[in-house]
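Colleague: Could you pick one part of this model, take a close look at it, and talk me through what sits around it? I'd like the cut-offs spelled out as you go.

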Amino acid sequence: MTEKPILVTGGAGFIGSNFVLDWIGQEGSSVVNLDKLTYAGNVGNLARLKNDPRHKFIKGDIGDRALVRELLNRHRPRAVVNFAAESHVDRSIHGPEDFIQTNVDGTFHLLQESRAYWEKLAGNEKTVFRFLHISTDEVYGSLGPDDAPFTESSPYAPNSPYSASKAASDHLVRAFHHTYGLPTLTSNCSNNYGPYQFPEKLIPMVIMNALNRKALPVYGDGLNVRDWLYVEDHCEALRMVLAKGKPGEVYNIGGRNERKNIDVVRAICSLLDEMHPASSMGNYASLITFIKDRPGHDRRYAIDARKIERELGWKPSESFETGIRKTVQWYLDNMNWVENVASGEYQKWLDINYTSRGTA
Ligand code: NAD
Ligand code: DAU
C-alpha cells in the first residue's frame, strides 16, 4: 500500500465515522483520525477497524497546533478532511461558546497548520494536496415555501449560533484559498441520517423514544422542512469532491428529499408499526407530542445539487423511503450501541432541552 494517508478530523462522530469506514472500504488507503471525543464522538463506531493497520486513531483537538503540526509532519497526508465540529443547533442555543471555540478557532488553527505543511511540500505532493472542509446548508439561512433551493452562490444568512460558526469557518477556508493559495474544497450538505447518528438529532431521537414508549417531541407545528440525505450517499459525494473537485470551489450536496418534520416522524412510526409492532400500545404515532418551538427555527432548507451532479457525476442512490427503512432497521439491530451512547451526559441534555419546555 503506497498511497499516502488522509488526515480526517472528527472521524469518531456520525458522518466522520461513516466516512472513515467508507474510505477504507472503497479506497483501501489509510486514515489518520484526529478526534477530541466530545459527547458526540464514539470510538465504538469504528470497532470494525480495531485490528486494521490502515486506521490510526488519535484523541486530540483540532485547535492543538503542536499536535496537528506533529501529525502532519509525521504522516505526511495527501489531504485533510475536516468534519470536527460542534454540530447540534439546540446545543448552540443553550451554550454557543464551544461552537466558536471548535468551529471557528479550531478550523482557523487547522488551516494555519495545514497551510504551513502544504507550503513546505514540493512537486507532486504539493500539487495533489487538498483541504476539504465539510459544511452545511444552514449557512444559507431559511427558505420560504416557494423559494428556489440553495445554490453555491446563495448569499450567506446564518440564523443560529451553530450556523453562524459554520459560516465563519467557511469564510476562513475561502480566505485561505484566495489569499495563500491553499488548495481548499468546501462542501455544503443538507441533513444527513443513517447509522451511528447521536440520538440528540430528530431521526435517531424519534426511533429511540418510540422504542422506549416515550413522547416523540415535534417542535412547533411540525411543518419545518429539511432535505434528507442518507449518510453513505454523502460519503460517496465527498470522495468524489476530493478526487475531482477544483481547488477553491464549493459543492452543494443534497438528497432531493424535502420532507416536513411531521411527515418524517410519521414515516418512522409506520415503519416501526410494521417492523417492531408495539402490541400493548397501539400505533407509535400516538406518542407524537407537539412542544414549544426552537427559538429562531429555520423554516425550510433545500439544496440545489446540480453542480456536483453535472461536474463530478454524483447522484444519491437512496430515496428517503429506502434510506429511512435501512436506518430504522440499523437502530433495531444495534440497540446496544444506542444504550451505550445514552449515558448520564445524554440524560442531562434531555433535561436541559426537553424537561419543562412546554407544549406548542
Ligand atoms: P457529530 O457531532 O456527530 O460529530 C462531530 C465529531 O467532531 C465528534 O466525533 C467530536 O468528538 C469531534 N470534535 C468536536 N470538537 C472537536 C475538536 N475541537 N477537535 C477534534 N474533534 C472534535 O457531527 P456530524 O453530524 O457527524 O457532523 C460532521 C460535520 O458535518 C460537521 O462539521 C457538521 O457541521 C457537518 N454537517 C453535518 C450535517 C448533519 O446532518 N449531521 C449536515 C451537513 C453538515
Ligand atoms: O441542514 C444540515 C444540518 O442538519 C447540519 O448542519 C446540523 O449539524 C444537523 O444537526 C442538522 O440540523 P437540524 O437542526 O436541521 O437537525 P435536527 O435533527 O436537530 O432537527 C431536524 C428538524 O427537526 C428541525 O426542524 C428541528 C426538528 N426537531 C428536532 C429535534 C431534535 C424537532 O421537531 N424535535 C426534536 O426533538
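**Around ligand 2, and on from there**

Modeller: Of the 25 residues around ligand 2, the nearest are D137, Y162, R294, H297 and Y354, where "around" means having a heavy atom within 4 Å of the molecule. Before going on, keep in mind that this is a predicted model: local features need pLDDT of at least 70, side-chain atom pairs count only at pLDDT 80 or more, and totals for chains, interfaces and linings use all residues. Residues are numbered from 1 along each chain as its sequence is written, chains are lettered from A and ligands numbered from 1 in the order in which they are written, and side-chain values use heavy atoms, with hydrogens and water left out.

Now the polar contacts, meaning pairs of N or O atoms within 3.5 Å. H297 puts a side-chain N or O atom 2.7 Å from an oxygen atom of ligand 2. E138 also uses its side chain, with a polar atom 2.8 Å from an oxygen of the ligand. Y219 works through its backbone instead: an N or O atom there lies 2.8 Å from an oxygen atom of ligand 2. On its own, ligand 2 exposes 690 Å², and the protein buries 94% of that; these are Shrake-Rupley areas with a 1.4 Å probe.

Which elements build the shell? Helix 3 (89-94), helix 7 (202-211) and strand 8 (216-219) each give at least two residues. Here helices are DSSP runs of H or I with at least four residues and strands are runs of E with at least two, numbered from the N terminus. Strand 8 contributes the most, three residues. By class, the shell holds 10 nonpolar, eight polar and seven charged residues.

Helix 7 leads on to a helix pair. Its axis and that of helix 11 come within 11 Å and cross at roughly 50°, with axes fitted to C-alpha atoms over the stretch in contact and angles running from 0 to 180 degrees between N-to-C directions. That makes helix 7 oblique to helix 11: under 35 degrees is roughly parallel, over 145 roughly antiparallel, 65 to 115 roughly perpendicular, and the rest oblique. The crossing is right-handed, so the near helix is turned clockwise from the far one by less than a right angle. Helix 11 (residues 320-333) also meets helix 9 (residues 261-275), their axes coming within 10 Å and crossing at roughly 55°. Helix 9 and helix 11 are therefore oblique too, and their crossing is right-handed.

A backbone N or O atom of I15 is 2.8 Å from an oxygen of ligand 1. A polar side-chain atom of T102 sits 3.0 Å from a nitrogen of ligand 1. Finally, helix 6 packs against helix 4 (residues 97-120) at about 15°, axes 8 Å apart. That makes helix 4 roughly parallel to helix 6, and their crossing is right-handed.

Key
Polar contact = N/O pair within 3.5 Å; in protein donor to acceptor, adjacent residues only side chain to side chain. Nonpolar A, V, L, I, M, F, W, Y, C, P; charged D, E, K, R; others polar.
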